[in-house]
Amino acid sequence: MNSRLESFLLGKSLNLSLRYLGYSVILMALFFGQLYLVGNSGMGNSFLGVTVSAIILAGIHTYHNDGILVSIAIAVIVISGSALYSVISLNNPQPDYGLLTGVGGAMLYGVPIGIVSSTVAFALRRFGPSQSGVVSEEK
């Protein structure tokens, strides 16, 4: 695979990509635990927090490291915490209704969120003003 294409899809630094994937797993566990403790009463506000966290984390990863596919995976992982809680909170789950619904729901919301946030972050970094550490003096 071409190195520019690999950098665009997976990120410039594999270690940084793995670090952000680790952050997303931690956020998934935190949101799942929060919903488990609060229950269905806080589901609406919690899902908004999950969505905003997925947008921010995927955008930060793309801004610093490129990696569109990794940013999409980050958004899906973060959102899967609340989606999997909604599956286990069902009263009478059916055998074919369980885990696939949670993963499918996470992908349904996570993929568009990851695509949009990574595209916006990539465009901001690419076309925004450069943030160079050197201050130029004009006389």
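What follows goes from the overall layout to the core, and then to a few local details.

## Ground rules

This is a predicted model, so local features need pLDDT of at least 70 and side-chain atom pairs count only at pLDDT 80 or more, while totals for chains, interfaces and linings use all residues. Residues are numbered from 1 along each chain as its sequence is written, and side-chain values use heavy atoms, with hydrogens and water left out.

## Overall layout

Helices here are DSSP runs (H or I, at least four residues; strands are E, at least two), numbered from the N terminus. Of the 139 residues, 33% are buried; that means under 20% relative accessible area, with exposed being over 50% and partly exposed in between (1.4 Å probe, protein chains only).

Look at contacts (heavy atoms within 4.5 Å) with a separation of 6 or more, and 78% of them join residues 24 or more positions apart. The protein exposes about 8900 Å², with carbon and sulfur atoms supplying 66% of it; the areas come from the Shrake-Rupley method with a 1.4 Å probe, and for residues only the protein chains shown count as cover.

## The core

The largest nonpolar core has 16 residues, and Ala54, Val78 and Ile79 have the most contacts inside it. Such a core is a set of buried Ala, Val, Leu, Ile, Met, Phe, Trp, Tyr and Cys residues joined through side-chain atoms within 4.5 Å. Helix 2, helix 3, helix 4 and helix 5 each put in at least two residues, and helix 4 gives the most, with nine. Apart from neighbours within four places in sequence, Ala54 is in contact with Ala75, Val78, Ile79 and Ile113.

Leaving out residues up to four places away in sequence, Ile74 touches Tyr20, Leu21, Ser24, Leu57, Ala58 and His61. Ile74 and Gly22 are 52 residues apart in sequence, yet their C-alpha atoms sit 8.9 Å apart.

## Helix 2

Helix 2 (residues 14-38) spans 36 Å from first to last C-alpha over its 25 residues, close to the 36 Å expected at 1.5 Å a residue; the expected span is 1.5 Å times one less than the number of residues. Ser17, Tyr20, Ser24, Phe31 and Leu35 are buried in this helix. Just after helix 2 comes Gly39, with a positive phi of about 90°.

A search of the whole structure turns up one salt bridge, meaning a side-chain nitrogen of Lys or Arg within 4 Å of a carboxyl oxygen of Asp or Glu. Arg125 and Asp66 form the pair, at 2.6 Å from N to O. Arg125 is in helix 5 (residues 99-127) and Asp66 in the loop between helix 3 (43-65) and helix 4 (68-88), so the bridge ties together parts 59 residues apart in sequence.

Arg125 is partly exposed at 25% relative accessible area, whereas Asp66 is buried at 7%. Asp66 also has a positive phi of about 60° although it is not a glycine.

## A nonpolar surface patch

Leu48, Val52, Ile55, Ile56 and Ile60 form a nonpolar patch on the surface, with about 410 Å² of accessible area together. Patches take residues with over 30% relative accessible area and no salt bridge, joining like charges within 9 Å and nonpolar side chains (Val, Leu, Ile, Met, Phe, Trp, Tyr) within 5 Å. Ile55, for one, belongs to helix 3 and is partly exposed at 38% relative accessibility.
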